[in-house]
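Please walk through this protein model with attention to its backbone, its charged pairs and the contact between its chains.

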Amino acid sequence: MPAPSSSARAIVLWVPDWPVVAALQTAHAAALARAGDDIDDGAPVAVIDRGRVYACSASARTSAVRRGLRVREAQARCPELRTIAYDPVLDARAFEPVLALVEALMPGVQPIRPGLCAIRARGPARFYGGEREAVQRLLGELAAFGLRGCRIGIADGIFAAEQAARHPESISGAESISGTESISGAESIHIVPMGEAARFLAPLPVGILGDPGLTTLLVRLGLRSLGDFAALDAAQVRQRFGEVGAHAHALAGGDTTSGITPRAPQRDLDVGIDLEPPLERIDQVTFAFRTAAERFIAQVSAMHEVCTAVRVSIRSESGQVSEREWQHPRWFTASDVLDRVRWQLQGSGSAAGALSSAICRVAVSPGSRDAASNHEEGLWGSAPDERIHHGLSRVQGLLGHDAVVTPVLGGGRMLAERAVLVAWGDREPADAAASRRRPWPGQLPPPLPARVFSPPRPAVVRSPAGESVTVDERGRVSAPLAQVGVDGQAADVRPNAGRPNAGRPNTGQAADAEPPALLVPQLRAVTAWAGPWSVDERWWDRASARRLHRFQVVDDTGEAWLLLQEGDRWLAEARYD
Amino acid sequence: MNTVSVAIDIVEHMFEYEGMTGSERVQALQARITQMQRRTLDERALPTLPPLAELLPGGAMRAGSAYSVIESHALVMAMLAGPSEAGSWCGVVGVPDFGVEAAAGFGIDLQRLVLVPNPGDQWLTVTAALVDVLPVVVTQPRGRVNEADAARLAARLRQRGATLIAVGPWPQSEARLSVETGSWSGIGAGFGRLRQRSVTVTVASGADTGRRRRGRLWLPGGNAGLEAAPRLVAVDRPEGALPWDASGSTDEPLLRTVV
């Protein structure tokens with residue numbers, strides 16, 4: 001066995017029943033927000049994961065609630081048990097402030113799992129004048145933070161230290177190797193002196209190795225304690241139990257080779273400026289933010305990383321906060337960040353610079369980062385794409401972020417639904433591809449119309465008798481289609497040889513070109529038609545339910561339309577041209 | 001090297017014109033000559049779908065030119081399909097009702113398609129900005145385009161080697177394409193569905209007085225894309241009424257498929 005060195009000494013901090021502590025913290029916060037019933041700290045609480053008790057509070061444990069028990073069984077044993085659903089994310093998140101607190105006191109913290117972390121002992125022991133003094137200081141700070149009942153073990157290696165933290169009472173009896181000390185009641189410190197790790201571990205059961213298959217086997221072989229297991233020959237253990245067994249054997253023998261790998265503390269990369277006095281014009285705000293944006297990007301690139309998403313938050317004088325995450329197809333430069341700030345100030349699409357109230361704070365924080373090496377340009381550059389991006393960004397700067405889009409095909413029955421437009425630089429919606437793969441009965445067969453009206457245009461359809469055509473509940477057409485007229489068709493004059501058309505766009509601008517008195521569009525004779533194809537969508541939801549019938553109609557000029565009959569009106573969904 | 005290979009090409013092609021009438025042969029040879037003349041200039045031909053390429057002056061869409069397409073989005077998509085399939089980026093400005101799914105059916109790669117549906121009054125600025133970076137740009141002019149703007153944009157097109165396709169009339173366009181008559185097949189009075197459309201595409205090249213070429217195409221064809229239609233020639237009307245000729249219009253020429 002290698003001689004234990006002071007560098008392998010580890011402090012392990014254990015917060016017992018961490019899931020319960022974390023869940024109660026959030027429950028307290030929620031209760032405070034409700035300003036109503038606060039939760040009694042002493043009440044029995046259990047955290048439930050998939051129908052079984054995952055963790056329980058000390059008071060629940062006194063009522064014989066144990067980990068792994070079914071919820072019903074636990075409630076039978078302790079009727080006043082309060083149950084909370086287990087949330088691993090909440091668990092990890094709630095532990096973050098504790099880690100930050102420990103890091104503020106002593107460097108080199110390795111989080112093991114929520115509720116458990118290891119700290120390198122040598123530095124703090126020197127700084128605070130001894131291991132005991134160091135951890136007493138730590139416990140004092142944690143108690144001030146509101147965490148009572150924490151346990152600390154110090155030993156050679158993380159495994160031994162963790163066991164020391166977990167089982168102080170088992171050692172605190174008569175033949176204690178070391179002292180167990182209690183401060184302010186529940187917290188306890190357990191220090192295993194240097195070189196004593198193997199002796200400390202020897203009486204412990206093999207079950208704590210945490211490998212059910214191996215421990216069952218060891219028990220059946222008559223090896224009940226770690227000491228028995230550690231006494232075996234290392235080479236033979238490796239032969240018989242393989243790599244996993246050899247690792248467990250090394251742990252049982254008080255192995256100190258696995259050091260502590262501290263996490264890299266997160267740097268605060270947020271950059272914000274306070275505007276005093278608050279500014280009212282967009283160009284003023286962006287100009288004021290220019291140096292901050294450059295500083296932000298310089299910070300990120302100094303870490304050899306690039307930002308592929310940023311979060312911009314803007315606070316106005318009236319207290320409104322606008323926050324949005326912006327994606328970037330490549331990575332952000334300072335001017336890109338400025339663009340995003342400007343677009344967010346403008347709101348979506350409008351180029352007018354009117355703000356509801358003056359802006360008093362602008363801040364950016366990195367949304368997602370990546371190593372710069374993943375984004376290096378190739379040897380010959382990746383110029384074309386970059387050029388395209390710059391050009392499109394210019395247009396976005398002119399018209400707004402949402403004005404430049406790339407289409408993605410999605411699912412749906414209506415044509416307009418199936419084309420999903422994604423603003424340049426944004427990520428395409430994750431569900432588009434999955435939604436497209438679904439069957440969608442009732443979608444149109446190819447060929448598909450080249451012109452899709454969104455929203456559909458009003459249309460008029462008449463029977464040979466000159467009446468409006470309807471479709472009854474069973475999908476029968478009241479009369480054959482004889483005449484069709486689509487609003488906007490008249491505005492969309494076909495240019496003929498003698499008269500050059502000014503190329504008037506056919507939607508939206510029709511109103512300012514011609515008086516909107518075009519109530520009855522010009523009717524044309526129908527030469528061929530087919531349908532109805534009924535679409536009955538989302539009938540289970542009254543708000544979004546749609547029931548309509550589709551027709552394909554060819555008029556006497558040879559133009560084909562896709563018409564919808566919905567309720568008592570006709571609409572033109574698309575045109576085949 | 002180029003002139004030699006082209007000359008051999010010409011000689012080889014001479015023999016293909018055996019079965020044609022005199023005027024047809026002259027026309028075909030003239031087309032070859034113009035094609036050769038184009039090649040001597042330093043202009044790049046864009047990959048174009050073959051049925052369309054036959055109709056266009058120079059035998060292909062050319063980089064640095066403007067084309068005007070009247071009244072048919074499907075024809076615009078057919079023009080975009082060639083360059084897009086070959087990996088070019090395409091931009092579409094001011095066409096809010098561009099049928100994206102139909103575009104995909106024509107073979108346009110949507111990942112390299114950029115739309116600016118509503119540029120408003122700034123459509124010309126946006127078009128110019130896109131011409132700088134994208135090889136093929138479709139634009140729908142808003143209002144009448146004045147000659148000076150068109151000339152400025154044409155200079156930019158030549159400089160960047162980009163191609164502009166205007167939806168509507170465009171001054172100084174290389175060619176003006178329009179769909180004349182279309183007839184849908186697969187649909188009847190209350191039955192069937194739209195399957196394909198045969199159209200006559202007219203290409204007027206040069207100035208307004210330029211030559212016109214006509215071609216019959218399936219737009220869209222059976223596979224939702226562009227296909228060449230079988231050639232039709234006028235034949236003499238046989239004696240007596242035809243069984244399918246219910247319309248009774250005797251002044252239209254009777255067409256027959258040439259294989």
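**Backbone, interface and charge pairs**

His304(A) is placed in the loop between α13 (282-302) and β11 (305-316) of chain A. The model is a predicted one, and in it His304(A) takes a positive phi of about 60° although it is not a glycine. With a relative accessible area of 63%, above the 50% cut-off, His304(A) counts as exposed. Trp440(A) is another residue other than glycine with a positive phi, here near 50°, and Trp440(A) lies in the loop between α17 and β16 of chain A.

That loop between α17 (431-437) and β16 also holds Pro447(A), and the peptide bond leading from Pro446(A) to Pro447(A) is cis, with omega near 5°. A cis peptide bond is found as well from Glu276(A) to Pro277(A), where omega is near 0°; Pro277(A), however, lies in a strand, β10 (residues 271-279) of chain A.

How many of the residues of α14(A) are buried? The helix is mostly covered, with 11 of its 13 residues buried. Among these buried residues are the nonpolar Val337(A), Leu338(A) and Trp343(A), but also the charged Asp336(A), Asp339(A) and Arg340(A). Just after α14(A) comes Gly347(A), which takes a positive phi of about 80°.

From the single chain we turn to the contact between the two chains. Chain A contributes 56 residues to this contact and chain B contributes 53 residues. The size of an interface is often given as the accessible area lost when the parts come together. By that account chain A and chain B bury about 4500 Å² between them, of which 61% is on carbon and sulfur atoms. Within chain A, the residues that lose the most area to chain B are Pro407(A), Pro447(A) and Asp577(A), which together make up 12% of what that side buries.

Sorted by residue type, the side of chain A that touches chain B divides into 32 nonpolar, 10 polar and 14 charged residues.

Side chains of opposite charge can pair when their charged atoms come close. Over all chains the structure holds 37 salt bridges, and four salt bridges are found across the interface of chain A and chain B. In one of them Arg418(A) pairs with Glu101(B), the closest N and O atoms being 2.8 Å apart. In another, the side chains of Arg451(A) and Asp97(B) meet at 4.0 Å, N to O. This pair crosses from strand β16 of chain A, where Arg451(A) lies, to the loop between β4 (90-93) and α5 (100-106) of chain B, where Asp97(B) lies.

Arg160(B) pairs with Asp132(B), with the closest N and O atoms 3.1 Å apart, and the pair links distant parts of the chain, from helix α7 (residues 147-160) to helix α6 (residues 123-133) of chain B, 28 residues apart. Arg160(B) is partly exposed, with a relative accessible area of 42%, whereas Asp132(B), at 11% relative accessibility, counts as buried. Beyond such pairs, salt bridges that share partners join Arg451(A), Glu559(A), Arg575(A), Asp577(A), Glu71(B) and Asp97(B) into one network.

Terms used:
Residues are numbered from 1 along each chain as its sequence is written. Chains are lettered from A and ligands numbered from 1 in the order in which they are written. This is a predicted model: local features need pLDDT of at least 70, side-chain atom pairs count only at pLDDT 80 or more; totals for chains, interfaces and linings use all residues. Side-chain values use heavy atoms; hydrogens and water are left out. Contact means heavy atoms within 4.5 Å. Buried area is the accessible area (1.4 Å probe) that two parts lose on being put together, summed over both. Buried means under 20% relative accessible area, exposed over 50%, partly exposed in between (1.4 Å probe, protein chains only). Helices (H or I, at least four residues) and strands (E, at least two) are DSSP runs, numbered from the N terminus.
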